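Q: Could you take me through one part of this protein up close? I would like to look inside it and then at the place where two of its parts meet.

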Amino acid sequence: MCGIIGYVGGRDVPSVLLGGLWRLEYRGYDSSGIAVISNGELIVRKVPGKLSELEELIKRKPVHGTIGVGHTRWATHGLPQENNTHPLLDCNEEMALVVNGIIENYVALKDELEGKGHIFRSLTDSEVIVHLIEEYLKKGLAEAVKLTVRRLNGNFAFAVISAGERNRLVCARHDAPLICCYNSKEAAVASDISGVVSIFDEVIHIPNDSIVVLGRGKCTITNFQGKEIKVPAQKVSIEVGDIDKGHFPHFMAKEIFEQPKVLHNIVSERIIDSRIHPGDELGLSNDELKKVSRIVIQACGTSWHAGLVGKYLIEKFARIHTEVDISSEFRYRDAVLDSDTLVMAISQSGETADTIAGLREAKVKFLKVLSLVNVVQSSIHRESDGIIEILAGPEIGVASTKAYTAEIVNLYFFALYIGLLRGFVNKAELTKHFTALKKVPVQVEQILQLDAQIKEIAEIFCDSRDFLFLGRGLNYATALEGALKLKEISYINATGYAAGEMKHGPIALIDSKMPIVCINPRSSVYEKMLNNIQEVITRKGIPICIVTRGDRRTRTVSKHSILIPECLEYVSPILSVVPLQLLAYHIATLKGLDVDRPRNLAKSVTVE
Ligand code: M6R
């Protein structure tokens with residue numbers, strides 16, 4: 001989850017490292033540091049706390065050099081304090097290492113290395129790497145890294161520099177992301193493209209289980225056995241502007257408000273000449289898709305919630321039995337997977353460790369994996385048999401917003417596509433769905449215009465201690481997602497529940513202080529949900545209702561209602577989540593919290 005960067009070249013190295021770290025900060029932000037080789041000496045600047053504090057420190061104590069590494073940390077082992085902050089150094093302070101990942105056998109390695117006299121300064125698991133490299137250094141840095149990676153269990157990506165070899169960066173990856181770039185004048189390595197986007201326009205996606213020796217005009221990639229691998233560079237697909245806040249105060253706000261544009265793009269990409277175009281990388285023929293008798297969707301967090309909506313849509317339109325599993329459960333539960341089961345992974349980042357592991361679990365059982373993924377060339381993209389690109393554009397805010405609605409729209413198209421293939425969707429129905437989906441971008445725009453009203457509701461409830469979110473059917477997932485959005489950025493205890501399940505326990509929580517967000521757009525479960533709202537009111541709970549315009553019945557019983565446009569029931573989870581994103585955003589900002597850097601979290605969860 002940490003962000004790593006390394007650079008060698010003629011630019012001002014600390015500025016390049018800091019620039020990269022700012023763009024990688026979403027990966028983790030509890031401490032940060034850089035190390036630069038200056039006149040043969042390794043100079044380190046690091047601070048626990050915000051990246052702005054590192055920037056201040058470097059201003060106060062400038063460093064100069066032509067090669068360096070930087071790191072922004074999401075702590076796993078060892079508190080976010082200075083000694084645990086990367087770069088980590090060897091005993092002689094001649095090498096600096098930045099790592100993302102977890103070394104699972106670090107205790108045994110540490111015992112062994114301490115036995116040999118190595119002095120450890122941190123409580124991190126990663127420090128063993130730099131001492132192992134030191135142990136093997138006589139053979140040269142690249143060879144030492146090769147010997148080191150063979151000793152490590154877990155997942156990792158790292159970059160190391162040595163005062164003894166001032167022109168090259170050596171990096172390695174195993175199950176954690178890493179890219180590199182180079183030309184005749186300079187070279188860089190980073191956790192992802194955003195770290196280097198301002199400098200390079202071509203990028204190499206480093207293959208898993210490989211080591212890279214990188215310098216000006218040179219890049220040698222070998223596998224862990226030492227065999228050289230040729231990997232073509234690819235055009236960088238994003239621009240600096242794509243990962244900029246623009247005029248918004250937070251990435252989260254920018255991304256919420258980007259949804260109409262994103263959804264419009266997806267609808268335009270997926271409907272071509274009145275036919276569904278699921279993309280060119282499905283990786284399964286229509287015949288193979290027709291044979292699928294069961295689908296297992298596995299994903300984490302918000303992507304898992306999108307999967308829940310996907311289940312309803314696939315079962316409704318394609319009549320295929322669909323299960324949705326949390327990846328961290330799926331990967332270990334030895335699921336029954338028959339040969340005609342299709343496994344689907346959903347992931348914005350394409351780097352979520354549990355989702356990757358779930359994907360591999362399916363592949364070990366010789367099953368095809370079709371993934372919805374936003375970041376192209378991510379691990380999930382590369383390891384899946386086929387992909388549907390989510391097309392949300394870069395999502396930086398830790399709280400996922402536009403990726404969620406984009407995932408649902410793509411699942412909607414996929415469900416229709418496979419439903420058509422299997423003969424469960426006819427032409428007239430398809431036209432009806434197309435009409436509904438084409439309206440979505442404008443409808444989301446209309447909901448965004450309710451921002452001021454939603455902020456007023458946020459002002460009323462921002463000091464509430466607990467929230468309950470209730471929904472049914474397709475909007476059960478909306479309840480879960482609304483609760484996740486609120487809790488992750490406002491730290492308010494928020495529970496999402498299937499409304500019909502409320503009386504089996506959570507109803508006991510309701511009192512006159514509790515806001516209960518009830519998602520009740522016009523749908524097949526409208527009346528049932530209305531009953532649940534009445535039950536809430538009878539217990540003196542305070543309903544905040546998401547309802548369809550023109551719905552008087554819910555509004556008469558609820559003082560706080562947010563109106564969404566009239567839509568097909570299947571579209572409603574796309575629309576009804578938008579007010580909940582805004583509600584969470586406003587509550588968190590009213591509480592003075594940093595919504596783009598919520599405590600304890602990171603955007604890309606690359607450790608299990
Ligand atoms: O990149 P992914 O879609 O695989 O990420 C999954 C979750 O880590 C992610 O959705 C997380 O729950 C977000 N913080 C939710 O806002």
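A: Let's start inside: the largest cavity holds about 90 Å³ of space, a volume being the space filled by probe spheres set on grid points joined across faces, edges and corners. A cavity here is a set of points on a 1 Å grid over the protein atoms alone where a 1.4 Å probe fits but cannot get out. Its lining has 15 residues, with C2, W74, T76, G101 and S126 nearest the centre; a lining residue has an atom within 4 Å of a point.

This is a predicted model, where local features need pLDDT of at least 70, side-chain atom pairs count only at pLDDT 80 or more, and totals for chains, interfaces and linings use all residues. Residues are numbered from 1 along each chain as its sequence is written, and side-chain values use heavy atoms, leaving out hydrogens and water.

Now for the meeting place. The domain assignment, automatic or from a database, gives domain 1 (3-242), domain 2 (245-441) and domain 3 (450-598). Domain 1 brings 14 residues to its contact with domain 2, which brings ten; contact means heavy atoms within 4.5 Å. Together they bury about 960 Å², 48% of it from carbon and sulfur atoms. Buried area is the accessible area (1.4 Å probe) that two parts lose on being put together, summed over both. On the domain 1 side, Y26, H205 and D242 lose the most area, together 41% of what that side buries.

Finally, the interface has one salt bridge, meaning a side-chain nitrogen of Lys or Arg within 4 Å of a carboxyl oxygen of Asp or Glu. R360 and D175 also meet in a salt bridge, at 2.9 Å from N to O.

Conventions
On a 1 Å grid over the protein atoms alone, a cavity is a set of points where a 1.4 Å probe fits but cannot get out, and a pocket is an open set with protein on both sides within 12 Å along at least five of seven lines; lining residues have an atom within 4 Å of a point.
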